Amino acid sequence: RIPGEREEMRDAKQAASKRKLIKMLSVVLLTFALTWLPMQVFTLSVHANKLLLKYKHINHIYFASHITAMASTACNPIVYYYMNGRFRNGFRRVFAKCLPCCSIPAPDEMSLGR
C-alpha cells in the first residue's frame, strides 16, 4: 500500500463523523441562540425605550428571560448525551460510580465509539 493512499472505509467513517459533529454543533448553536434570544430582546428593548422599566411586570419579564438564558448551560449536556456516544458512555460510567444502585452498561456499550 502506498502511503497517503485513499482508504474508502476510513474516509467514509471520517465523513460520517464530521457530519455528526456538524449536526451536534448546529443543535448546540441553535439551542444557545434560542435560550439567549429573550434576554437579548429584553435588553435591547429596555435600552431603546426606558419607559419599559416603569411597566408593572418588568421584573417578572426580566426574571423569565434571565432564567431562560441561564438554562442554556443545562441544555448542552442533554444535547451531548443524545448526540454523542462517547459522552453518553462516559456519563453512564460516572453516574454508575456516583450511584452504586445503578448498573454499569454492558462492556460492548462501553466502547469509545471508535
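Reader: How much of the protein is buried?
Author: This is a predicted model. Buried residues account for 14% of its 114 residues.

Reader: How many helices and strands?
Author: Four helices and zero strands. The pattern along the sequence reads α-α-α-α.

Reader: And the contacts, what share join residues at least 24 apart?
Author: Take contacts between residues at least 6 apart in sequence. Of those, 48% join residues at least 24 apart.

Reader: OK, helix packing. At what angle do helix 1 and helix 2 pack?
Author: About 145 degrees, and their axes are 7 Å apart. Helix 2 covers residues 58–70.

Reader: Left-handed or right-handed crossing?
Author: Helix 1 crosses helix 2 in a left-handed sense.

Reader: Which residues meet there?
Author: Helix 1 brings Thr35, Trp36, Pro38, Met39 and Phe42. On the helix 2 side are Ile58, Ile61, Tyr62, Ser65, His66, Thr68, Ala69 and Met70.

Reader: How does that contact split by class?
Author: Nine residues are nonpolar and four are polar. No charged residues take part.

Reader: Switching to aromatics. How many aromatic pairs?
Author: The structure has six. One of them joins phenylalanine 32 and tryptophan 36. Their ring centres are 6.1 Å apart and the planes meet at 40 degrees, so that pair is tilted.

Reader: Why tilted?
Author: Stacked needs planes under 30 degrees apart, and edge-to-face needs over 60.

Reader: Next pair. How do the rings of phenylalanine 87 and phenylalanine 91 sit?
Author: They are stacked, because their planes are at 15 degrees, with the centres 6.4 Å apart. Phenylalanine 87 and phenylalanine 91 lie four residues apart in helix 4, residues 85–98, about one helical turn.

Reader: What's the accessibility of each?
Author: Phenylalanine 87 has a relative accessible area of 32% and is partly exposed. Phenylalanine 91 is at 43%, also partly exposed.

Reader: Which residues do ring pairs link into a cluster?
Author: Tyr80, Tyr81, Tyr82, Phe87 and Phe91.

Reader: What lies over the face of tyrosine 81?
Author: Arginine 88 does, at 6.0 Å from the ring centre.

Reader: Last one, threonine 31. Where is it?
Author: Threonine 31 is in helix 1.

Reader: Buried or exposed?
Author: Threonine 31 is buried, at 19% relative accessibility. The cut-off is under 20%, so 19% qualifies.

Reader: What is threonine 31 in contact with, leaving aside neighbours within four places?
Author: Cys75 and Val79.

Notes:
Residues numbered from 1 in each chain as written. Predicted model: local features only at pLDDT ≥ 70, side-chain atom pairs only at ≥ 80, totals over all residues. Heavy atoms only, no water. Phe/Tyr/Trp six-rings, centres within 6.5 Å; stacked < 30°, edge-to-face > 60°. Helix = DSSP H or I, 4+ residues; strand = E, 2+ residues; numbered from the N terminus. Buried < 20%, exposed > 50% of the residue type's maximum accessible area, 1.4 Å probe, protein only. Lys NZ or Arg CZ within 6 Å of the ring centre and 35° of its normal. Axes fitted to C-alpha atoms, helices over the stretch in contact; angles between N-to-C directions. Left-handed = near helix turned anticlockwise from the far one by under 90°. Contact = heavy atoms within 4.5 Å. Nonpolar A, V, L, I, M, F, W, Y, C, P; charged D, E, K, R; others polar.
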